[in-house]
Amino acid sequence: FGEGSTLAAPRAAGAAGLTHGVAMTGSTGLIGHAIAARLAAAGHRIVTIGRHPEAEVRFDLALDRELPRRALEGCGALVHAAGIIDEDFSDPERAWVKAERGTQALLCAARQAGIARLAYISSAHVYGPLEGRIDESRAPDPRSDYARAHLATEQRFAAAAGPAGVSVLIARPCAAYERPQVSQHLPPRGGEHIRRQPFDGVASM
């Protein structure tokens, strides 16, 4: 999907179903951008949430206590793809605010808007050491602050499934990558010139 935050242009929804607004954090990230582009291509309207200037709903998970009033009205789903990254723990207190209070603010806004479909992009690191065969029957065993923070966010999403009619999806990718492409033209000193290619998928255990 290339660089930048431009999403795929919406197309008409098929006869099989209706489209709706999808509120989304992390739409400029590697995984989030791919999800947003797929949703937009399927005809869904993407309501971007974030601290970047182009976000439709300005909200900083680590600083703001609540989203703007009625910010998610008209949305039928929330996708949270801006979870904790390792670099966040350069400031542990801020990182935990992002993972817990920031997540709760998102879920509160979703509840107020009547959103019944929730999804969170977590990490396979919540399982502990990534060794051998791992599937969803393995109990979480987080060994790092990064993994524990993802699990804490998961738990808030899981708790939001309590009300009737609210469904929650939690994804735990192991690694995400883009496929590099070798340019036909080599730089002056030789070697391969690598440029970004479309997001190719999620590598899982």
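Which residues have the most contacts inside the largest nonpolar core? In this predicted model, they are Ile49, Leu67, Leu78 and Leu118, and the core they sit in has 21 residues.

**The cores**
- The top contributor is α2, with 5 residues.
- There's also a second, separate core of 10 residues, and Val22, Met24, Ala40 and Ile121 are among them.
- As a rule, nonpolar side chains in soluble globular proteins tend to be buried together.

**Around Leu118**
- Setting aside residues up to four places away in sequence, Leu118 touches Leu78, Leu107, Ala110, Phe157, Ala160, Val166, Ser167, Val168 and Leu169.
- Leu78, one of those partners, is also on the list of residues with the most contacts inside the largest core.

**Ser167 and its partners**
- Ser167 belongs to strand β6 (residues 167-171).
- Beyond its neighbours within four places in sequence, Ser167 contacts Ala116, Arg117 and Leu118.
- Ser167 and Arg117 are 50 residues apart along the chain, yet their C-alpha atoms are separated by 5.1 Å.
- Ser167 counts as partly exposed because its relative accessible area is 40%, which falls between the 20% and 50% cut-offs.

**Arg70, out in a loop**
- Look for Arg70 in the loop between β3 (57-58) and β4 (75-80).
- Arg70 isn't a glycine, but it has a positive phi of about 60 degrees.
- With a relative accessible area of 59%, Arg70 is exposed.

Terms used
Residues are numbered from 1 along each chain as its sequence is written. This is a predicted model: local features need pLDDT of at least 70, side-chain atom pairs count only at pLDDT 80 or more; totals for chains, interfaces and linings use all residues. Side-chain values use heavy atoms; hydrogens and water are left out. Helices (H or I, at least four residues) and strands (E, at least two) are DSSP runs, numbered from the N terminus. Buried means under 20% relative accessible area, exposed over 50%, partly exposed in between (1.4 Å probe, protein chains only). A nonpolar core is a set of buried Ala, Val, Leu, Ile, Met, Phe, Trp, Tyr and Cys residues joined through side-chain atoms within 4.5 Å. Contact means heavy atoms within 4.5 Å.
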